[in-house]
Amino acid sequence: MLNCGIMSLGVDYMLKSAVGDIKTIIYNDKTSLIKRDSHKFLVIYGATGNGKSMVSTLKMIKRIFQAKVHEKNFILAGKDITTLEKRFINSDYSVLNWRPFKGKWVYKKQGVGGAKVIFKTKTGDKYLYLTPFNNKDAYSSILGNTLNGVFVDEAVEADDLFLQEIVSRVNRTDGTWAIF
């Protein structure tokens, strides 16, 4: 049986823009539930522009920063590396570039070891590997590692085999989580 929280944000997600600092986010009942949620699987859905990516990214970062010493390998999966870079690495609208996270990570472009974000946390370096979910050769090399957490951005566009593999791996590994 899956330990899964499924939540719809709806359109009443926030009262004002929260760009730049997570302290400016105004949570409603639904986003507050996500903030406190500890399920192994978290599926967030809703209309375009309602804050799903922002809340999901914040949840992922929080889980990475709270990871234990031995929990080091995480995945951020999306359509392709370029799209992930635009949405999460280079954008001022990305939670990664807001206070208090700005400056607490470095990005290494594709090369030896693949594209990755390295977070500097109290429990050591944590690696967030970027992978396309529609390229089996690319994601197969990452899925060979022990995973401690996965965030699949725009999961509805993902390859079914990739999603099945992620769910299977997360379900059988203690302490691992996935956000869709």
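I'm working from a predicted model.

**Entry 1: the proline**
With that in hand, I looked up Pro100, and found it in the loop between helix H3 (81-89) and strand S4 (105-108). What is the peptide bond from Arg99 to Pro100, cis or trans? I get cis, with omega near 5°.

Glu154 isn't a glycine, yet its phi is positive, at about 55°. I placed Glu154 in the loop between strand S7 (149-152) and H5.

**Entry 2: confidence**
I checked pLDDT next: the protein averages 86, and 88% of the residues score at least 70.

**Entry 3: H1 against H2**
For two packed helices I want the angle between the axes and the distance between them. Helix H1 covers residues 29-36 and helix H2 covers residues 52-65; their axes come within 10 Å and cross at roughly 20°. Angles under 35 degrees count as roughly parallel, so I noted H1 as roughly parallel to H2. The crossing of H1 and H2 is right-handed.

Which residues meet there? From H1 I have Thr31, Ile34, Lys35 and Arg36, and from H2 Val55, Lys59 and Lys62. Sorted by class, this H1 and H2 contact has 4 charged residues, 2 nonpolar and 1 polar.

**Entry 4: aromatics, then H4 against H5**
I count 8 aromatic pairs in the structure. One of them is Tyr139 with Phe162, an edge-to-face pair with 4.8 Å centre to centre and 65° between the planes. Where do its two members sit? Tyr139 is in helix H4 (residues 136-143) and Phe162 in helix H5 (residues 160-172), so the pair links distant parts of the chain, 23 residues apart.

That sent me to the helices themselves. The axes of H4 and H5 come within 11 Å, crossing at roughly 10°. By the same cut-off, under 35 degrees, H4 is roughly parallel to H5. The contact takes Lys136, Tyr139 and Leu143 from H4, and Leu161, Phe162, Glu165, Ile166 and Arg169 from H5. By class I noted 5 nonpolar residues, 3 charged and no polar for H4 with H5.

Methods. Residues numbered from 1 in each chain as written. Predicted model: local features only at pLDDT ≥ 70, side-chain atom pairs only at ≥ 80, totals over all residues. Heavy atoms only, no water. Axes fitted to C-alpha atoms, helices over the stretch in contact; angles between N-to-C directions. Helix = DSSP H or I, 4+ residues; strand = E, 2+ residues; numbered from the N terminus. Parallel < 35°, antiparallel > 145°, perpendicular 65-115°, else oblique. Left-handed = near helix turned anticlockwise from the far one by under 90°. Contact = heavy atoms within 4.5 Å. Nonpolar A, V, L, I, M, F, W, Y, C, P; charged D, E, K, R; others polar. pLDDT = per-residue confidence, 0-100. Phe/Tyr/Trp six-rings, centres within 6.5 Å; stacked < 30°, edge-to-face > 60°.
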